[in-house]
Each structure stands twice: as C-alpha cells, then as structure tokens.
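Let's take a walk through this protein together, one piece at a time. Keep the 3D view open as you read.

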Amino acid sequence: MSKSYDTVIIGAGWSGAVAAKQLSSAGHSVLVLEARDRIGGRARTWSDKDKNTIDLGCSWIHGYKEGNPAKGLAQDLGIKAILPKAAEGVVYGPDGPLLSSQAASLRSSLSSAQASTKLPHPSPPSTASLASALFSPSSPLFSTSSAPSSDPSTTNVSSTSPANPSESTPSSITSVDETLAEGLARTLEIPLGLKLEKASLKWSGWESTTSFAGSDAAPEGGYQSFVEKVLKSSDTVEIKLNQKVSGIKETSDGVEVNTSKGEKYTGRTVISTIPLGVLKTLPSSFFEPGLPQKLQGIIKGTNVGTLEKLLVKYDKPWWPNYENTGSYTFLPTSSTTELNETSTLDEIFNASSLVTANFASISSTLSSPQPILLTYLSETPAKLLLAHPKQDVIQAFHQFLVKRLNPSGEVDEPVDGELTDWLKDEYSLGATTTPTIISENDERSPMDFKELGRPIWSGKLGFAGEHTEMEHRGSVAGAIVSGLREADRVGRLLDLSKE
Ligand SMILES: Cc1cc2nc3c(=O)[nH]c(=O)nc-3n(C[C@H](O)[C@H](O)[C@H](O)COP(=O)(O)OP(=O)(O)OC[C@H]3O[C@@H](n4cnc5c(N)ncnc54)[C@H](O)[C@@H]3O)c2cc1C
C-alpha cells in the first residue's frame, strides 16, 4: 500500500512552492508532483558560462516596497533584491532616435490617454475595447497634455512585464505625431499580453487599483533559483519531477491522482496549480467527477496572453550610449496591419513596437553590466516570429538592431541568443492570464479570476495559481497569494477533519 498524503500539490511553480512550504510547516504531509524536469514553472532563468543570469519568465518583484509578499520571502531566504538605477529610455522612430522632448511628448499623451480610459467613467458597453478609446479621434493620445512632475525620459523596463503596464509622467509638449503615438501605445500590448482591440474598456484600469505597483526589484541570481529555495526550504515536502498528472479523482475519503507514467498517489486533499492555458486543453475526464458547468465556461472564456522574450548576447556592447541607456523602444517603420504568416522576419520586426532592455547599462540588475539585450515581444510579433527557426529569428533581429541603432563602427555577430516559447510550452500554453477581455453580453469580468479559485468536491480539490487571484492575477504576487490562500484553507479543512 503506497503512502497517502494530507495534500498532493500539482505543479512546482510559485503557487505550488508556497502552498507546499506553508502546509508542511503547519505539520501536514505534502507531495508535489511536477510535470517538468525542473522546479519553477514560469520562473525560468537563462545563464551563461560566466554565470550571468537573465530571467526568461518572471523577472520583477513589482511593488517591492509596496507590500509584494515576494520581498519577505526573499529576505527570509537571504536573497538580495536589486532595485535598478533610473536610466534614460530612448525611443526610436522610423528615422532614428527621437529627441527626448519629442519622446516625452508622446509618453505624456499616452499617459493622459490611459488616464482617460480608467475607472470611474461612464460605463461603456462590454464590447468596447481599449483600442476604441485610445485611438478615437478625440483621444488625448493625439493631443496636448499638462505639466511635468518628474523627468519623463527615464523609464523602467519592468513596466513591460505582465500585470504592470505603467504610466509615464505627463509633460508640457504641444504636438503629437499620430503614427508615432499609436506605435508607442502598442507597447502597452506587451504587459497586457493581448492586442488593445481585445482588452475590455469597461474593466480597463481596474487592476491598477489592486495590484502591487511603484518600486520594482529583481531577485539576485534569478527567479528560478528563488522558487527552488522556497520549495526546498521545507525538508519534509516530497517533490517528484517528471510526473505529468493525467487525472484527478474524488474518492470516499480523499482524492486519487494519476500520472501519465501510470503511477497513482492518494491524498486527503489536492491543490491544482495547473495554469489556465493548460486547463483549457484538458479532456473533460481529467477531473472525475467533472468540473461544474459554470467553471468550465469560465475556463473556456477567460484569456491567456502572449509575451515572449528574445535575448541576444555579444562579446562587447556596440549600441549607442550603452552605459546610460536603460532601454530602447523601437516604434514601427511600417504599418502592423500588413503583417501576416507570409511576412518576412525583417517585415515583422519593422512593423512592431518593441522594447529592448539594455543589460550593459548602469541600470542593469546584474552584479556587473553585460553586453546583453533582452527584447519583449507582444502577441503579434511573438506569434509570427515563433513560426520561424530560433536561429533565423536571432540573426534577423541582430540585423534589425544594427540597422535601427546605426552604430558608427564594425559590429560583431551575437555570441549567444534565446527566444522563449511560452505559447507552445505544453505546461504553460501562454504567458499569463490577461486583463478582462471584451465580451458580447458582459460575460467577462474580474470576478472570473475569483471563480477560478473556488474549491470543489467539498473543499477537497482546491485551485491555486496566478489565474485564481482576482486582485493580483498575472503576477508572481498573485501566484504567491493564491498559494498562501489555498494552504490556509486546506490546512483548516485538514485540522477540522482530524478533530
Ligand atoms: C515572459 C514572462 C514574464 C513575466 N514577468 C513577470 C514579472 O516580471 N513579474 C511578475 O510578477 N510576474 C511575471 N510573470 C508572471 C509570472 O511568471 C507568473 O504569474 C507566475 O510565475 C505563475 O506561477 P504559477 O504557480 O501560477 O504557475 P506556474 O509557474 O506555471 O506553475 C505551474 C506548474 O504546473 C506544472 N504543470 C502543468 N501541468 C501539469 C501537469 N499536468 N502535471 C504536473 N505539473 C503540471 C507546470 O510545469 C508548472 O511548473 C511573467 C510571465 C512570463 C511568461
């Protein structure tokens, strides 16, 4: 007879690691089953032979000084968090770098336009999109704005990670080029994970009232080892890697969890942290008895976004003003509407709004600056680029960089590169949940994320993961809060049943 556990946790990402740590420290027996050959889930860190680490999944602790629970975990484990120094963000238009006053004007207009779409405003229909407001002829995106309160040319590239579409500071410039303004607005699609045409206007800005924001920090050594340390900080947790769960069954006294290798584990309770993208693809027989009809509808209707990262490493930095430039934003040189599956790599890069973080600058979160550029890809370019071989994409991007950044001297080829594919990764199938999407009859709202976290089977099957947190969805904070929430609930259920 195999051992039975108080709780079986499916998934060794942030939410699973935190739930396991919490339950085991309360004295419960815990088994973690993870499909991958590694801990971390969407925390995945690239490293080179010199042990430089760059996060290819989550990278920022958003709202570090504003209450993000990852800060306390980092401090408990002795992990240093690095707050980047402010550095200039340069914006490139079709003809080269914009004057900082012009870039400030564009940022200011975008900031005003974003503010005008925020709650509260007369509630628009649920079919109205963020694009319809941002790009309307009367949008502040295309007009003048108010006085500056700080230097708007300094940016933090952390605003490109999910759940943290930041706003820049308004300034006092007078005219705005509409094509450039739209190009800059398209950079919002990076943290949103979806096209502005799909994001609900009605719920736009709702998340900024709840999510952690303000200061951002990066954990030293990367996020993947951070999750590993959290999970391994409790030596009573059993962890089994390469164990893809293929079904979960309710039994008279608990649950039975089956894996694709034909192994069977039993527990009194189970917590699933299977990402929403994966939940969407599971056969209805995965859960036995099946999920309630309402929950099935929400899983189907909610959206998982696309965000990919493209890394290029060189022997030495060659890009302009690399020491003091935090990021390069490339606005399209041609229209995005023309992009399709037949577009060349060059056309895809040229027609996209791209944000490139510069790790060779003083704002680098590495222990010493490195000749590495990391580019954030939104849905449209990401999906098209992923149809091409990785090496071709890296090579084409190098050529694009040389053309747009136009260095004066010779440039060597990249010595290393990486392109993520969270979209097709069978254990994530997308980056994270997106903010609420447009819907015909108000079907979609932030309440969806609350419903995704509701336990079933008399509380024996619980759900955690970023997708189950209404207030912090899409983030590490959301995953942590969800893990703590489920550990607390399951712990009380176990205590009650022991009495
Ligand atoms: C490119 C990118 C950048 C990001 N940047 C940031 C950022 O800077 N800051 C931030 O706060 N957030 C960021 N995020 C979001 C953050 O990474 C996620 O919200 C968080 O890591 C999700 O944790 P989780 O536990 O919910 O899910 P996961 O980490 O996905 O964990 C779920 C686990 O379940 C496993 N699994 C799946 N199916 C099975 C199965 N059948 N059997 C067993 N195991 C299974 C998976 O392998 C995985 O390990 C980013 C995400 C991406 C993709």
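Predicted model: local features only at pLDDT ≥ 70, side-chain atom pairs only at ≥ 80, totals over all residues.

In general, strands of a sheet pair through backbone hydrogen bonds, and they can do so either parallel or antiparallel.

Here, 3 strands make an open sheet, lined up in the order E5-E10-E6, and their pairing is antiparallel. Strand E5 (61-62) and strand E6 (81-82) sit at the edges with a single partner strand each, so one side of each has no neighbour in the sheet. E5 is joined to strand E10 (residues 216-219) by 2 bridges, and these two strands run antiparallel.

## Two domains

Now zoom out. The chain splits into domain 1 (4-46 + 58-81 + 219-303 + 427-498) and domain 2 (84-214 + 308-419). Their contact takes 31 residues from domain 1 and 25 residues from domain 2. On the side of domain 1 that touches domain 2, you'll find 9 nonpolar, 15 polar and 7 charged residues. Taken over C-alpha atoms, the centres of domain 1 and domain 2 are 31 Å apart.

## Around the ligand

Where does the ligand lie relative to the two domains? Both domain 1 and domain 2 give residues to the shell around the ligand, so the ligand lies between them.

That shell holds 42 residues, and the closest are Gly11, Gly13, Gly41, Cys58 and Ser161. Helix H1 (14-25) and helix H14 (476-498) are the elements that give two or more residues to the shell. H14 provides the largest share, with 4 residues. Sorted by class, the shell around the ligand has 20 nonpolar, 16 polar and 6 charged residues.

## Helices that pack together

The axes of H1 and H14 come within 7 Å and cross at roughly 35°, and the crossing is right-handed. Quite a few residues take part: on the H1 side they include Trp14, Val18 and Leu23, while on the H14 side they include Ile480, Leu484 and Val490. The contact of H1 with H14 has 10 nonpolar, 6 polar and 1 charged residues.

The next pair is helix H3 (residues 100-116) and helix H5 (residues 178-185), which pack at an angle of about 65° with their axes 10 Å apart. The crossing of H3 and H5 is right-handed too. Leu106, Ser109 and Leu110 in H3 meet Leu180, Ala181, Leu184 and Ala185 in H5. What classes of residue make up the contact of H3 with H5? There are 6 nonpolar residues, 1 polar and no charged.

Most residues other than glycine have a negative phi, and most peptide bonds are trans. This model has a couple of spots worth checking against that rule.

Lys51 has a positive phi of about 65° although it is not a glycine. You'll find Lys51 in the loop between strand E3 (45-47) and strand E4 (53-55). Then there's the cis peptide bond that joins Glu288 and Pro289, with an omega of about 5°. Pro289 is in the loop between strand E15 (287-288) and helix H9 (293-301).

Notes: Residues numbered from 1 in each chain as written. Pairing = 2+ DSSP bridges. Near = placed C-beta within 6 Å. Nonpolar A, V, L, I, M, F, W, Y, C, P; charged D, E, K, R; others polar. Domains from an automatic or database assignment. Contact = placed C-beta atoms within 7 Å. Axes fitted to C-alpha atoms, helices over the stretch in contact; angles between N-to-C directions. Left-handed = near helix turned anticlockwise from the far one by under 90°.
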